[in-house]
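Student: I am new to this structure and would like to go through it slowly. Could you take my questions one at a time?

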Amino acid sequence: MSILPTASQLPISGDDPFSEALLTDPHAFHARLRDAGEVVLLEKYGVYAMGRYETVHAALTNWQGFISSAGVGVSNFRREKPWRPPSLLLEADPPAHNAPRTTLARILSPRSLRRFTTQWEAQAEQHVEELLSGAAGGVLEVDAVPAITEAFPLRVFPDAVGVRREGREHLLPYGDFVFNAFGPPNFLVAAGAESAPEHAAWIATQCERDNLEPGSIGSAVWGAADQGDITQAQAPLIIRSLLTAGVDTTIHALSALLHCFANANDQWDLLRADPSLARRAFDEAIRLESPVQTFFRTATNDIVIGGSVIPEGEKILMFLGAANRDPRRWTAPDRFELDRDPSGHVGFGMGVHQCVGQHVARLEAVSLLKALAARVRRIEPAGPIERHLNNTLRATASLPLRLSLA
Ligand code: QZP
């Protein structure tokens, strides 16, 4: 009798998580995945999927066993050429990962970001005031995506990075393509492929030293190169990471946040009574909606999980969105609740790669939420939310809201 688990014990799924149907509504699939076992083979792609909180958490924190340098998409960089030069942060392992990570963590630390607090709060208040000046009879109906969740971050974040105004329309489509490209080469990748090079070229130009505003976050990265913390060749790629990972993610997180509140008026009342709940609200929305739904790692050796073997060199696929709603970890996982502690969610990942920009996103969200809570008595849906399909992101195309003024 063999005591070693065999691959035949591995649950197998024929589902395609990157199909139009499952990207549109992933939750029933997530439940099937969690219930099938700790690890499930996705037949269509030959990857090993995980949806339970404990398993995803363990995989995220095992950077020795599950590496990032072979790519965090379905493509294995050991076998296929990456479509763009790999990220020094995302697609790297220690020790190569250490200097870029430490440098950017310092530049984006809560302490370093304090200088933006007053400014972003004032800009959020001004943005909300201008928006609400369009209200009639104390009510404003608006698509929150263009009017709020895109407009505000697209203003403050590129300003903070130090990017010039002209050409910023490249930012969102560039991010959209990058996040699609982590998935398989499906209809979404095909639709974006033609225009990707021009977006990528604009992004690369903005990362050059002379194109970044003095005193900005981008110019601080070049300053770190001058100090010898990182090399001159690394600086532009680290700035590229800011412009890749910091735009679409935050925008879709803000849409998720407003969507959560529009469907939970009692929670909006709680926030208005205690605006210090804004921070927790942001993390609870990240837990519930998981704007980043998935990414991959690659096994460095045969790894046994729950009686199944993940063979060396194979890709694993971690479903952050499934882990963040795992009833084994969360009570009433599908509810948006400000009286729970959402910390420990894996919406920003976990371990050595945990989102280095999360303090930036949180500051944007808290500034905006506080400005809205001060002026808006009630948020309700004014029509159905429309999803924007992306292979990695749970994204929003349209979020019609009815805002009643306080
Ligand atoms: C994307 C980069 C969830 C991650 C895949 C988000 C992300 C992080 C970093 C980069 C891109 O460094 O380009």
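**Contacts with the ligand**

Tutor: Let us begin with one contact in this predicted model: a polar side-chain atom of S87 is placed 2.6 Å from an oxygen atom of the ligand.

Student: How far from an oxygen atom of the ligand does a polar side-chain atom of S241 lie?

Tutor: S241 is one of the residues around the ligand, and R84 is also among them. For R84, a polar side-chain atom and an oxygen atom of the ligand are 2.8 Å apart. For S241, the distance from a polar side-chain atom to an oxygen atom of the ligand is 2.5 Å.

Student: Which residue forms a salt bridge with R362?

Tutor: Side chains of opposite charge can pair when their charged atoms come close. The model has a count of 19 salt bridges. In the one formed by R362, the closest N and O atoms are 2.8 Å apart, and the partner is D283.

Student: How far apart in sequence are the parts that this pair ties together?

Tutor: R362 belongs to helix α16 (residues 358-375), while D283 belongs to helix α14 (residues 278-289). The pair therefore ties together parts whose separation in sequence is 79 residues.

Student: Which residue has a positive phi although it is not a glycine?

Tutor: Most residues other than glycine have a negative phi. The residue in question is found in the loop between α14 and β6 (294-299). With a phi of about 40 degrees, it is S290.

Student: Which two residues does a cis peptide bond join?

Tutor: Most peptide bonds are trans. Here omega is about 5 degrees, and the cis bond joins P94 and P95.

Terms used
Residues are numbered from 1 along each chain as its sequence is written. This is a predicted model: local features need pLDDT of at least 70, side-chain atom pairs count only at pLDDT 80 or more; totals for chains, interfaces and linings use all residues. Side-chain values use heavy atoms; hydrogens and water are left out. A residue is near a molecule or strand if one of its heavy atoms lies within 4 Å of it. A polar contact is a pair of N or O atoms within 3.5 Å; within protein, one must be able to donate a hydrogen and the other to accept it, and residues adjacent in sequence count only if both atoms are side-chain atoms. A salt bridge is a side-chain nitrogen of Lys or Arg within 4 Å of a carboxyl oxygen of Asp or Glu. Helices (H or I, at least four residues) and strands (E, at least two) are DSSP runs, numbered from the N terminus.
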